[in-house]
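Subject: Handing over the model

Hi there,

Here's the structure I promised to pass on. Have a look at it first, then read my notes below.

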Amino acid sequence: MNCDSQPGLLPLEQALEQMLSELSTVVDKQKVTIEQACGRVLAEPVLAGFNIPPYDNSAMDGYALHADEAAGGPLQLIGISFAGTPFEGRVLSGQTVRIMTGAMIPPGADAVVMQEQVEVRNQQILCNHQPKPGENIRRAGEDIRQGETVLPAGKKLTPVDIGLLASLGIAEICVFEPLNVALFSSGDELVLPGRALDKGQIYDSNRPALRAALQQLGIQVLDLGVVPDDKQALRDSLDKAASQCHGLISSGGVSVGEADFTREILAEKGQIGFWKLAIKPGKPFAFGRLGQCAFFGLPGNPVSAWVTFEQLVLPALQRLSGEQSASSMTLTAIAGEDLKKRPGRMDFQRGICWRDEKGELLVKSTGNQSSGVMTSIARANCYILLEQQRGPVKVGESVSIQLFDSLPV
Ligand SMILES: Nc1nc2c(c(=O)[nH]1)N[C@H]1C(S)=C(S)[C@@H](COP(=O)(O)OP(=O)(O)OC[C@H]3O[C@@H](n4cnc5c(N)ncnc54)[C@H](O)[C@@H]3O)O[C@H]1N2
Ligand code: MOO
């Protein structure tokens, strides 16, 4: 549980493992049409009912013939095969059939010669090219074999997946119902955007950011607004979330301040796992249960809230919603400047990564890395992942990065 230099801090990997081991799919299955299915999570694997392509067909506009006869003199043109209207006969020795891209290969033919490689005279063709058997033929089942698993359960469906389902003639599929997640911010200093700020107040920025992220994921959000630093108000919000939602995300109030009540009320209402994580930002993080509802207590500092949401809450929400999770891709880049780092916590520094003229990936910090500085993340295209025990980074050293946006042009 402990790391060497800061006893009591839990490494991210262990926190994730522990949290995910306590979570499983909580949503029911439902049928939807493929028009409604993009972004939804498949609840059952999809198997191919037939081969794709369903029949041997031409990859080119040209002539279907016997490959071994192509260069042997004129071939007699006996018909035409269109996509959707196949040629009904058989191609015999000395014969050829005009064929369009996607049209069925007529029986007897074993190759297609592109029309650019053929001269046509008086219902005869002369080939300028010797094809190999099978040339320009797309074989039945070369894409998908009947019975094959085309999409696994747990796959979040993309537009390409919808196309794949349509190509198999599938109009309806079984997906998981969307997850319901409640959300609130806690803090007496927080004001809704659109209102005037008083002395000592700031705008609530965590909840709008988290709500937008949840909506983008297709999650149904119960927005409980800003909850004041008041124990009864917190109790009421937790009760509402627990009775209506699969999960609850809060931000703020998880540290050790005199108005940080989230932790106390959670312990009273449910089971709480409170962690001090060996990551920076995002050290305080609460995970627990309110009956069937999973609780995620994010730190209030905006960058800490966002980093813990991405690194811990997203994988947990995927688990609850039945989605297969994939580990995020890390790349290696070269530090384009010195980076401050103290051993003890794993840093998620916000960086800008680019390719230099030699094609190498370089990365720089976005500047002030304090966990209240939202522009550090708004201006970033990656996290610079600096291992827990690593010290300062010198320019030219290799670092791992997690890219979350495109590279500048
Ligand atoms: N004595 C200690 N103090 C603190 C520790 C510690 O270990 N010992 N940890 C620090 C760290 S690290 C973090 S992160 C914060 C987390 O504190 P809380 O989760 O209790 O958050 P708050 O105190 O409520 O707020 C922190 C900060 O963030 C601002 N905030 C809060 N909510 C929002 C929001 N919805 N939108 C925008 N900004 C928000 C709030 O005004 C504070 O400035 O604790 C450290 N302290
Ligand atoms: O971990 Mo806090 O999130 O460093 O500011």
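Let's start with a pair of strands: strand β14 (residues 180–186) pairs with β17 in the parallel sense, over six bridges. In that pair, serine 186 has valine 227 of β17 as its bridge partner. For the terms, strands here are DSSP runs of E with at least two residues, helices are runs of H or I with at least four residues, and both are numbered from the N terminus. Two strands count as paired if DSSP finds at least two bridges between them. As background, strands of a sheet pair through backbone hydrogen bonds, either parallel or antiparallel.

Before going on, please keep in mind that this is a predicted model, where local features need pLDDT of at least 70, side-chain atom pairs count only at pLDDT 80 or more, and totals for chains, interfaces and linings use all residues. Residues are numbered from 1 along each chain as its sequence is written, while chains are lettered from A and ligands numbered from 1 in the order in which they are written.

Back to the sheet. Seven strands form an open sheet with mixed pairing, in the order β1-β19-β21-β22-β18-β14-β17. β1 and β17 (220–227) are at its edges with a single partner strand each, so one side of each has no neighbour in the sheet. At the β1 end, strand β1 (residues 9–10) runs parallel to strand β19 (residues 271–277), joined by two bridges, and leucine 10 sits opposite leucine 277 in β19. β19 also pairs with strand β21 (residues 284–290), this time antiparallel and over six bridges; there, glutamine 271 is opposite arginine 289.

There's another open sheet, with six strands in the order β8-β5-β7-β6-β10-β9 and again mixed pairing.

Now the whole chain. Its secondary structure comes to seven helices and 27 strands. The domain assignment (bounds come from an automatic or database assignment) gives domain 1 (9–27 + 178–320), domain 2 (29–51 + 145–176), domain 3 (57–138) and domain 4 (330–403). The centres of domain 1 and domain 3, taken over C-alpha atoms, are 66 Å apart. Along its principal axes, the C-alpha trace spans about 95 × 50 × 45 Å.

Finally, the ligands. How many residues surround ligand 1? There are 27, and the closest are Asn206, Gly252, Ser255, Pro299 and Gly300. (A residue counts as near a molecule if its C-beta atom, placed from the backbone, lies within 6 Å of it.) The elements giving two or more residues to this shell are α3 (206–216) and α6 (302–320). The shell divides into eight nonpolar, 14 polar and five charged residues. Here Ala, Val, Leu, Ile, Met, Phe, Trp, Tyr, Cys and Pro count as nonpolar, Asp, Glu, Lys and Arg as charged, and the others, Gly among them, as polar. Around ligand 2 you'll find Lys280, Pro281, Gly282, Lys283, Pro299, Asn301, Ser304 and Ser371, which divide into two nonpolar, four polar and two charged.

Cheers!
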